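Here are some notes to read alongside the structure, for someone meeting it for the first time. Have a look at the chains first, then work through the points below.

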Amino acid sequence: MQLQRLLEILEHEGPRPTEELATRLGCSTQEVEEALAEARRRGWLLRYSALINWEKLDVPRVFAFIEVEATPEHGTGFDHLADYIGRFEEVHSVYLMSGRADLTVVVQGTDFREIARFVAEKLAPTPGVKATATSFVLKTYKMEGELLTDQPGNSRLAVSP
Amino acid sequence: MSKRRNCMVNEQVAAMPPSGIRRFFDLVQEMEEVISLGVGEPDFPTPWKICDAAVDAMRHGRTSYTSNAGLLELREAIAEDLYRRYGVQYDPATEIMITAGVSEGMDVAMRVLLNRGDEVIVPQPCYVSYMPCVELAGGCAVPLQTSEQNEFKLLPDALSAAVTERTRALVIGYPNNPTGAVMSRADLLPIAKLADRHDLVVISDEIYAHLTYNGSHTCFASLPGMKERTLLLNGFSKAYAMTGWRLGYACGPAEVIEAMVRIHGYTALCSSIIAQFGALEALRNCEAEMRAMVQAYDERRRMFVKGLNDIGLPCFEPKGAFYAFPSIRSTGLASDEFARRLLFEEKVAVVPGTAFGASGEGFVRCTYATGMDQLKEALDRIARFLERLRH
């Protein structure tokens, strides 16, 4: 059972029928079912979700990358602060970083003002946060491995030797 | 008064039929919403690193001719690659040349190796160019039929029986287009013995070498004593999704390569330098990209071949390339008729097995280098077609 390949397929293609996965990986459906159950139980497989290009739909959605300088706590470093920040609905993801900032927080909102308000009223005043630097996303070119720029169609001939 | 010609084209070429694939291509072109399993190339684009290296070469003014044999750097990289994979050692200076794909390599090889009337044994079903290349070079192509019950392998007894006083060479192409058959080291050893006994040159088209599943590819030149009598043809089209770049290579005895380079120098001068820089990047930095494509083909192969068997088209397990070659005998239709009706009635394009030789009758070639969902849709349509035939 190639567990890593199974998870790669799910990551790129979403849920697939168990029979198909078994055939593709050359194992039994029971092995696939067991691997999936284990992946869920151990928190490797978190959820299935779709990748949507909202910019194309003109749905108002704004992202900002916020570099956060913070004060670490004795014994736990930035873990408590990161967990606290991550609980806000607006927060899309939180990363511990190398480099100048300690954390990078990706925040999602419907417009720039909403994000500005979140930073001013929620994030910046949080105990332990020393400074923030907010950069707004203006346009997305690639996300989750998917290029969003227009790709030329396949030029293959329908029949070739 | 001088006699007027009634045809501008020479008699031999005028008598040469177009490839059976070409005929089918014209039919498919006129239709819309066709799912094509008739394609002989990857559905992946060339890895970006390779494209970028070619663009970079152009930006830095690498747009000149190269030596007739091709960039030495690339020939060195090919020599290293062959040594690493198969343990076979070629001298990049004298035993390797760069060609415009295996197609050019095959043509030039025949012109160099054959004297008028020399016989060349060509196991079938096989790629469409082998026979015409032999004939154009003044040789006599001797088709040798392989069968499904022997997994489309070349059997030593059959080869022995086909050899005559005039046999000069043998062409093998494994992994095979169109059947997907492979020949293991154990299968090839007796063939090597016969090549030695009858003093045959073996032209080995190994373009699908990297696309070998459940095992590893055996390079014919790596068999004991075979390097001296093998002309190895390979290229970048299939493994690195570079079909349109037209880049391949030939490796063989210095005497043969020198003669091939002479012809190539007169007729092609050299292969595209831009493509050569792309190929260099492929060999140096694209193993992971290539492996990922092979993995995808392998998964589709398992799914598609099982699907064909499930809907009632028995298909022997193809262990290489990206083709399935199911038997359609149970339908009672000839290959050509099956492919034509499947195209018109269900808009699925497959290639009749007969395009690849007489022993392809009763089979069709289906490419699984096509997206998983398209393959599934094609299987549904073929199943529907079969259902209708049965009633």
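**Notes on the salt bridges, the interface and the core**

1. Start with the charged side chains: Arg5(A), Glu8(A), Glu13(A), Arg16(A), Glu20(A), Arg24(A), Glu299(B), Asp373(B) and Lys376(B) are joined in a network of salt bridges. Keep in mind that this is a predicted model.

2. Arg16(A) pairs with Asp373(B), with the closest N and O atoms 3.0 Å apart. Arg16(A) counts as buried, at 17% relative accessibility.

3. Now the interface as a whole. Chain B and chain A bury about 1,800 Å² between them, and 53% of that is on carbon and sulfur atoms. Phe25(B), Glu299(B) and Arg302(B) supply 28% of the area that chain B buries against chain A, more than any other three residues. The contact takes 27 residues from chain B and 17 residues from chain A.

4. Between the two chains there are four salt bridges, along with 14 residue pairs in polar contact. On the chain B side, helix 2 (20–29), helix 11 and helix 13 (372–390) each supply at least two of the residues that touch chain A. Helix 11 gives the largest share, five residues.

5. Chain A itself is split into domain 1 (3–41) and domain 2 (54–138). Their centres, taken over C-alpha atoms, are 35 Å apart.

6. Chain B has salt bridges of its own. Asp199(B) and Arg229(B) meet at 3.2 Å, N to O. Asp199(B) lies in the loop between helix 8 (185–197) and strand 6 (201–205), and Arg229(B) in the loop between strand 6 and strand 7 (230–235), so the pair ties together parts that are 30 residues apart in sequence. Asp199(B) is exposed at 51% relative accessibility, whereas Arg229(B) is buried at 16%.

7. In the largest nonpolar core, of 115 residues, Leu74(B), Met110(B), Ile203(B), Phe236(B) and Tyr240(B) touch the most other members. Helix 11 (residues 287–310) of chain B contributes the largest share of this core, eight residues. At least three residues come from each of domain 1 (11–46 + 288–386) and domain 2 (48–286) of chain B. A second, separate core has 25 residues, among them Ala162(B), Tyr174(B), Leu188(B) and Phe220(B).

Terms used: Residues are numbered from 1 along each chain as its sequence is written. Chains are lettered from A and ligands numbered from 1 in the order in which they are written. This is a predicted model: local features need pLDDT of at least 70, side-chain atom pairs count only at pLDDT 80 or more; totals for chains, interfaces and linings use all residues. Side-chain values use heavy atoms; hydrogens and water are left out. A nonpolar core is a set of buried Ala, Val, Leu, Ile, Met, Phe, Trp, Tyr and Cys residues joined through side-chain atoms within 4.5 Å. Buried means under 20% relative accessible area, exposed over 50%, partly exposed in between (1.4 Å probe, protein chains only). Helices (H or I, at least four residues) and strands (E, at least two) are DSSP runs, numbered from the N terminus. Domain bounds come from an automatic or database domain assignment. Contact means heavy atoms within 4.5 Å. Buried area is the accessible area (1.4 Å probe) that two parts lose on being put together, summed over both. A polar contact is a pair of N or O atoms within 3.5 Å; within protein, one must be able to donate a hydrogen and the other to accept it, and residues adjacent in sequence count only if both atoms are side-chain atoms.
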